[in-house]
Amino acid sequence: MSGIRPTGFLHLGNYFGALQNYVRMQDEYDCYFMVADWHSLTTHPDTKELRSSVLRVLAENIAAGIDPERACLYLQSQIPEIAELYLLLNMLAYKGELEKTNTFKEKVRLQPENVNAGLLTYPVLQAADIMIHRAKYVPVGKDQEQHLEMARNFAQRFNHRYGELFPEPAAFNFGKELVKVPSLDGAGKMSKSENQYATLYLADNDDMIRKKVMKAKTDTGPIKENSEIPETVHNLFLIMSLVTGKDVVMHYEEEHKKGAIRYADMKKQLAEDMVKFITPIREKAESIYHDEKYLKQVVEKGREKAGKSAGETIRLAREIIRLKYF
Ligand code: AMP
């Protein structure tokens with residue numbers, strides 16, 4: 001189980017941190033993927049844009065390779081059982097631990113005028129999202145590690161207090177390290193909300209991709225033989241390795257070692273490989289986005305399957321807590 005917020009266009013971090021694994025998992029696992037529309041309300045977006053954002057995220061998920069016939073693709077707000085489980089889990093979540101969460105502290109820094117309770121209890125709702133399907137594996141990027149640890153704690157506390165019901169969910173990347181796609185300006189990760197010029201979106205057109213890559217931060221100092229790779233350049237190599245063949249990446253790494261690297265050439269190569277990677281996803285997403293009849297069918301199918309799974313979990317949760325009187 002996993003989810004993505006409809007808070008803007010999806011980017012390379014969403015793709016390599018999450019979507020890529022969703023696509024691989026749908027062949028081997030019983031998968032539930034949702035558009036996390038409730039979660040997006042924590043930052044008070046203009047809800048006039050919500051519908052188009054949700055349809056866009058759905059289209060981008062499908063364009064990236066999710067097959068709604070195999071994986072269950074649904075909208076969070078259409079499954080009210082999630083809200084009930086969230087309420088039950090809130091009794092097992094403590095103010096102190098929620099306040100210490102990194103993403104909460106980050107949001108307090110970014111929007112000090114809007115530190116609402118939904119923001120504080122975000123990890124509880126996220127735990128409910130996962131636990132509502134009694135899911136074990138959660139394909140997410142590295143930024144979600146702490147939330148997953150909290151979800152495991154909430155599952156353990158529930159099982160301990162009321163009786164065994166939930167598996168302990170774990171972040172999942174096919175046995176490999178979780179991914180963090182860095183931003184192009186050398187500061188932090190790519191994200192939907194921070195510096196838009198340092199983030200590559202799956203909806204960016206070819207010119208925009210080229211412009212962003214050519215502007216990426218490299219190194220200002222002179223390059224000598226065997227000089228240390230600064231973080232900005234290391235990040236660029238990392239991004240390159242996502243879309244460029246291994247031998248080409250190695251060639252530029254060798255060039256750096258020799259002190260002969262020309263960053264402009266490297267960035268041109270990266271820009272062209274990035275265009276080749278993003279263009280087919282963008283074009284496919286664009287056409288799916290305009291096919292509302294199809295998207296409606298996808299969502300209805302998703303609602304039915306996710307609703308069934310969620311209904312069964314809530315029935316068991318009520319029973320095990322003894323919220324059942326006759
Ligand atoms: P969000 O966009 O915050 O709703 O995140 C959706 C998914 O994308 C989550 O699984 C995140 O871990 C993942 N994700 C977001 N940004 C990045 C990034 N820069 N690198 C890797 N994964 C990311």
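Good morning. I begin with Leu-323, which is partly exposed, with a relative accessible area of 37%. On this scale, buried means under 20% relative accessible area, exposed means over 50%, and partly exposed lies in between, with a 1.4 Å probe and protein chains only. What we have before us is a predicted model, in which local features need pLDDT of at least 70 and side-chain atom pairs count only at pLDDT 80 or more, while totals for chains, interfaces and linings use all residues. Residues are numbered from 1 along each chain as its sequence is written, and side-chain values use heavy atoms, with hydrogens and water left out.

Let me stay with Leu-323 for a moment. Leu-323 is found in the segment after α14 (292-321). Helices here are DSSP runs of H or I with at least four residues, strands are runs of E with at least two, and both are numbered from the N terminus. Together with Tyr-325 and Phe-326, Leu-323 makes a nonpolar surface patch of about 470 Å². Such patches are made of residues with over 30% relative accessible area and no salt bridge; like charges are joined within 9 Å, and nonpolar side chains (Val, Leu, Ile, Met, Phe, Trp, Tyr) within 5 Å. The areas come from the Shrake-Rupley method with a 1.4 Å probe, and for residues only the protein chains shown count as cover.

Arg-322 also belongs to the segment after α14. Its phi is positive, about 80 degrees, although Arg-322 is not a glycine. At 65% relative accessibility, Arg-322 counts as exposed. Phe-174, in the loop between β5 (170-171) and α10, likewise has a positive phi, near 50 degrees, in a residue other than glycine. Phe-174, however, counts as buried, at 18% relative accessibility.

I turn now to the overall layout. The domain assignment of the protein chain gives domain 1 (2-180 + 291-321) and domain 2 (204-285); the bounds come from an automatic or database domain assignment. The C-alpha centres of the two domains lie 32 Å apart. How many residues of domain 1 are in contact with domain 2? Nine residues of domain 1 touch 10 residues of domain 2, where contact means heavy atoms within 4.5 Å.

Next, the interior. In soluble globular proteins, nonpolar side chains tend to be buried together. The largest nonpolar core here has 59 residues, and those with the most contacts inside it are Leu-12, Leu-19, Leu-58, Leu-200 and Met-274. Helix α13 (residues 263-289) gives the most to this core, with 12 residues. The core draws at least three residues from each of domain 1 and domain 2. By nonpolar core I mean a set of buried Ala, Val, Leu, Ile, Met, Phe, Trp, Tyr and Cys residues joined through side-chain atoms within 4.5 Å.

Which residues are in contact with Leu-19, leaving aside its neighbours within four places in sequence? They are Ile-4, Leu-10, Asn-14, Asn-61, Ala-64, Ile-66 and Leu-202. A second, separate core has 40 residues, including Met-1, Tyr-32, Cys-72 and Ala-93.

Helix α8 (residues 122-131) deserves a mention of its own. Because 10 of its 10 residues are buried, helix α8 is largely enclosed by the rest of the structure. Among these buried residues are Tyr-122, Gln-126 and Asp-129.

Finally, the charged pairs. The structure holds 23 salt bridges, each being a side-chain nitrogen of Lys or Arg within 4 Å of a carboxyl oxygen of Asp or Glu. In one of them, the side chains of Arg-210 and Glu-272 meet at 2.8 Å, N to O. Arg-210 lies in helix α10 (residues 206-215) and Glu-272 in helix α13, so the pair ties together parts that are 62 residues apart in sequence. Arg-210 is partly exposed at 28%, and Glu-272 is partly exposed at 34%.

Another salt bridge joins Glu-255 to Lys-258, with the closest N and O atoms 3.2 Å apart. Both residues lie in helix α12 (residues 246-258), three residues apart, about one turn of the helix. Glu-255 counts as buried at 19% relative accessibility, whereas Lys-258 counts as exposed at 52%.

In helix α14, Glu-312 and Arg-315 are three residues apart, about one turn of the helix. Salt bridges that share partners also join Asp-27, Asp-67 and Arg-70 into one network. Thank you for your attention.
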